[in-house]
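Thanks for coming, everyone. Let me put the structure on the screen, and then we'll walk through it together.

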Amino acid sequence: MTLAVRYTAARTLDTAPAQSVEPGPGEVELAPAYVGICGTDLHIFHGDMDARVATPAVLGHEMSGRILRVGPGVEDWAPGDAVTVMPLRWDDTCPACHAGHQHICQNLDFIGIDSPGAMQQRWTVPASTLIRLPEALALDRAALVEPTAVAVHDVGRAQVTESEKVVVVGGGPVGVLIALVARAAGADVRVVELSAHRRKLAQELGLTVWDPATDDIDTLVGTWTGDAGADVAFEVSGAAGGVDTAVEVLGVRGRLCLVAIHPRPREVNLHRFFWRELTLIGARLYDRSDFEQAVSLVADGTIPADRLISKVVPLTQAPAAFEALEGGGDVMKILVDCTADTDTSDDTQGVAV
């Protein structure tokens, strides 16, 4: 018997025994090593996605691990292979799929939200979701491949090019990853972030960071760009003020890439869009090429994954880790270690926080 972290109700998680699922045709059974907790997991934890998530739900989609067993018909994979998972299962029948946009399938199964995720000691998934990891890449660092793939996709959607001036509004994990990926593409990047802890980390990574509470962002942008405004802004904060900042920093024909999930409608300065002929770009998820590029960026150190990991906790402490992440400011990325041996003689450990 193995353990899984389950969401059972708003602000309530437990660690409970779970049966491993034998891999069927085209499937593999994995032993997850490390699983990251992300903003979407927190939305689920808060009960914001109860209309979509069926309880009890095993969470987690930022992961690394190794193959335990392969099902019938699976080729090119073997037990022991180091992998991560692109957690998307599409139907290949909807208009989005027919247009070549399978990653935003209109009937998408996002594994870890719509079906069981990686925060368990045994996990069976389609072999088609696997992404190979270099053996030299430490598995804790490899758990950041998925959020890095998000950043790669975002920078690609915004069509960031060399020497462009880019503002990232929000210096959390995804915001910092976007800034690093954009910098690797040759852009001149600034990050806007309220949290002193996150500003400090971003600065240690060589990024220039502004504090919207004390800095005059408009003046700084004017000085930096010669009053032209930024070419691209990424809204990663999820806050109304972040939307305002992302719009205001843009120059003529600037591009605003919306990354954050906004749970409610926001007021937007549409006159600014009209006056400067701005473009709004939505960016969601990733495709296989984004994942493969993300593996390379993490493996070669372009993404200093180890610097972004604030804490690693055992599976049984995952519920408390969600509470720690709610504070936000002093934590960047928490990983759940699924590899520890467990005593399954104890009763289910329920934690409401």
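**From the surface to the core**

Start with tryptophan 275: it is exposed, with a relative accessible area of 63%. Keep in mind that this is a predicted model. Now look at phenylalanine 274. At 57% relative accessibility, phenylalanine 274 counts as exposed too, because the cut-off is over 50%.

What about their rings? The ring centres of phenylalanine 274 and tryptophan 275 are 6.0 Å apart. Their planes sit at 55 degrees, so we call this pair tilted.

How many aromatic pairs does the structure hold? Four. Here is another one. Phenylalanine 45 and phenylalanine 322 have ring centres 5.4 Å apart, with planes at 50 degrees, so this pair is tilted. Phenylalanine 45 belongs to helix H1, residues 39-45. Phenylalanine 322 belongs to helix H12, residues 318-327. So the pair ties together parts that are 277 residues apart in sequence. Are these two buried or exposed? Both phenylalanine 45 and phenylalanine 322 are buried.

One more ring before we move on. Arginine 132 lies over the face of tryptophan 77, at 4.1 Å from the ring centre.

Next, the inside. The largest nonpolar core has 101 residues. Which residues have the most contacts inside it? Leu30 and Phe234. Helix H5, residues 173-184, gives this core its largest share, with seven residues. There is also a second, separate core of 16 residues, and Trp210 and Ala230 are among them.

Let's zoom in on phenylalanine 234. Skip its neighbours within four places in sequence. Its contacts then include Asp154, Ile178, Cys257 and Val259. Val166, Val167, Val168 and Val169 are also among them.

Those four valines take us to strand S11, residues 165-169. Four of the five residues of S11 are buried, so the strand is largely enclosed by the rest of the structure.

What does S11 pair with? One partner is strand S12, residues 188-192, in the parallel sense over five bridges. Another is strand S14, residues 230-235, also in the parallel sense, over four bridges. Valine 166 shows both pairings. It stands opposite valine 189 in S12, and its bridge partner in S14 is valine 232.

Last point: the helix comes back. S11, H5 and S12 make a right-handed β-α-β unit.

Thanks, that's my tour.

Notes
Residues numbered from 1 in each chain as written. Predicted model: local features only at pLDDT ≥ 70, side-chain atom pairs only at ≥ 80, totals over all residues. Heavy atoms only, no water. Core = buried A, V, L, I, M, F, W, Y, C linked by side-chain atoms within 4.5 Å. Buried < 20%, exposed > 50% of the residue type's maximum accessible area, 1.4 Å probe, protein only. Helix = DSSP H or I, 4+ residues; strand = E, 2+ residues; numbered from the N terminus. Contact = heavy atoms within 4.5 Å. Pairing = 2+ DSSP bridges. Right-handed = clockwise from strand over helix to strand, strands pointing away. Phe/Tyr/Trp six-rings, centres within 6.5 Å; stacked < 30°, edge-to-face > 60°. Lys NZ or Arg CZ within 6 Å of the ring centre and 35° of its normal.
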